[in-house]
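Subject: Handover of a structure, with notes on what was found

Dear colleague,

I am passing the structure below on to you, together with an account of what turned up in it. Please read the notes with the coordinates open beside them.

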Amino acid sequence: VKSPREATFRLRRVVTILDKEGRDDGQMAVSYDNRMFKLKSLTGKLRDETGHVVRSLGKDDQFDRSIIGGSTLYDDSRVRVATLTSDRYPYTVEFAYELEYNGLINWPSWSPQESDQGVEQASYTLTVPADLGFRQTVRNGTLTPAEQTSGDKRTLRWSVANLAPLPDEPMSPPWTDRALILMLAPNAFEVEGHPGRMDTWAGLGAWVDGLAAGRDALPEATLTEVQRRTAGEQTAVGKARQLYAYMQETTRYVNVSLGIGGWQPYDATYVATRGYGDCKALTNYMRSMLSAVNVPSYPAFIRAGAEVPDIATDFSANQFNHVILCLPTADGGVRDTTWLECTSQTVPFGQLGTFTEGRHALVPLPDGARLVRTPMSVPADNGQRRRAEVTLAASGDATATIVTRYTGAQADNVRGQLADATPLERDTWLREQIDTPGLQLVRTDFSAVERHEPVVELPAEVKLGRVAPRTGARLFLKPNLFERWGAVPAPMSKRTQPVRRAGGYVDADTVTIHLPAGFMLEAVPDPVHVESAFGMYESRSTVADGVLTYTRRLEMRPGTHPASAYADYRTFVQAIVKADGASAVLVPR
């Protein structure tokens, strides 16, 4: 590190590949841009089992491309990918590259180990001006650096040796919760002429919030529409609801990230006139509209992603990749807060979902920025509730009217898959959900996925082929027609990692089956009730007046359990699979 703005990063990695399962480790991908962190060099060598260099990295062994995604308009991010492989094992690949930073908010962290990979030795060396303050923290272990100061330079070196592979087991916690990780952060930094401090959360929050200063002006036409939309609303939440709907109707998410644009939002006029923006720009736009009707709100910087772990709250640094909006509705504080995801055209007002729920967000409030935790849903919030009316024929075929209601994260998932899908893609999705041989869709209605409502309700009429196969005079019917579990996780004799389930939900089915004339029930499945640390399952079949009513409820609970609990999880799933596959037997009267 040369200054709060400039640094050079050099990496050398040597990996011995023992068999074809390790071939992917013969690749190096380096992300860079031509503005803030330039790729100065990338070299590579391939050695045989004796250590002799077989060949060096050439032009044909690498490619360079933009990493702009489909929703990105402007971005100078690129990736150089180099690959060296051999068909003779073992062999060793060696890569080295150098990056030059000009604008330095993130110091590279260090995890010496990758999943299923042993480490002979690894080290991280940091050289900084002696008067430049920084902080360090180590996750999931301990590391003590060797340190020396020479003149105006201070050097620290962390090293490890002989690390056994960490197995990537099913239902393991995220890698960041298991692997040894060194995190580093400067006290002072500078990006494109914008100096800041991050030795406290308040300092980092003030810097990112300051980048948006003066970017809240709206065009007159937009101001007029904002006033019109909120004219009949008396509360802050009512006004926010109207303006959120307006934003969803008139904007879309497009990433615009160049230099300081990675942190600084485009102004509200830019979004209003063009109809697009990234998370920062859209959040700033929504905030600007709320400000125009005297409703205060604040950006909330957060680490987003499905099953992504929370930030390290005791280490103030830029650990964020997303921005949402915080709308306090009581006393100017954070009680009774409404959180708004401004990048989605389908998420209902005030709903976050698994992408950002239960995380700490950095919120620049009037009395200083601080961390605030977003609310966490409970399993009952994330529901799939299905009611089906089934008419069974003596042939074993059936017709059914089905209505499925989705809420919370399950509704988000349905909207995400279907909102922009074609009619054919929607029908294909529904067939996969029902997953019954000989299924024919008679009538479907997917209009609910296009509405911004907390509940997604999907009705359908279907024909079901041979759901009750005949053996002799008997029909064998599995009453659980639509939500059947069929697989049990493989046993593990030497489980080492904790068992983690992320996200909870509740599935509830009520299936009413009208029996064919001339048949009666000889046997029905026994009632089942199973409780576990992982959840609860119950099912029951009742009979009255020629109608079999099957009910099923499954609640899966989030949590992290010791490695020994994996056997308990398998036992729980085995009980579900057995109960879901139980049959009723029909015989002629």
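I begin with the second largest cavity, which has a volume of about 100 Å³. On a 1 Å grid over the protein atoms alone, a cavity is a set of points where a 1.4 Å probe fits but cannot get out, whereas a pocket is an open set with protein on both sides within 12 Å along at least five of seven lines, and lining residues have an atom within 4 Å of a point. Grid points are joined across faces, edges and corners, and a volume is the space filled by probe spheres set on the points.

Please bear in mind that this is a predicted model, in which local features need pLDDT of at least 70 and side-chain atom pairs count only at pLDDT 80 or more, while totals for chains, interfaces and linings use all residues. Residues are numbered from 1 along each chain as its sequence is written, and side-chain values use heavy atoms, with hydrogens and water left out.

Cavities and a pocket

The second largest cavity is lined by R386, I402, T404, Y406, W429, L430, Q433, I434, L458, A460 and F482. Two or more of its lining residues come from each of β25 (398–406), α7 (423–434) and β27 (456–464), where helices (H or I, at least four residues) and strands (E, at least two) are DSSP runs numbered from the N terminus. The largest share of this lining, four residues, is supplied by α7. By class, the lining has eight nonpolar, two polar and one charged residues; here Ala, Val, Leu, Ile, Met, Phe, Trp, Tyr, Cys and Pro count as nonpolar, Asp, Glu, Lys and Arg as charged, and the others, Gly among them, as polar.

Helix α6 contributes the largest share of the pocket lining, five residues, and the lining divides into 11 nonpolar, 12 polar and 10 charged residues.

The chain as a whole

The protein chain has eight helices and 37 strands, and its C-alpha atoms fill a box of roughly 100 × 75 × 45 Å, taken along the principal axes. Of its 589 residues, 48% are buried, where buried means under 20% relative accessible area, exposed over 50% and partly exposed in between (1.4 Å probe, protein chains only). Of the contacts (heavy atoms within 4.5 Å) with a separation of 6 or more, 71% are between residues 24 or more positions apart.

Helix α3 (residues 236–250) has 15 residues and reaches 21 Å from its first C-alpha to its last, close to the 21 Å expected at 1.5 Å a residue, the expected span being 1.5 Å times one less than the number of residues. Its buried residues, including L243, Y244 and M247, pack against α2 (220–230), α5, β20 (322–327) and β21 (338–340).

T137 lies in strand β10 (residues 134–139) and counts as buried at 14% relative accessibility; leaving aside residues up to four places away in sequence, T137 touches I181, L182, M183 and F315.

Cysteines and backbone

A search of the whole structure finds zero disulfides, a disulfide being a pair of cysteine sulfur atoms within 2.5 Å. The sulfur of C279 is 9.5 Å from the closest cysteine sulfur, in C342, and is therefore too far for a bond.

Most residues other than glycine have a negative phi, and most peptide bonds are trans. A cis peptide bond, with omega about -5 degrees, joins Y89 and P90, and P90 is found in the loop between β7 (78–83) and β8 (91–102). M171, which is not a glycine, has a positive phi of about 60 degrees and is partly exposed at 22% relative accessibility. R466 also has a positive phi, near 50 degrees, and is exposed, with a relative accessible area of 59%.

With best wishes
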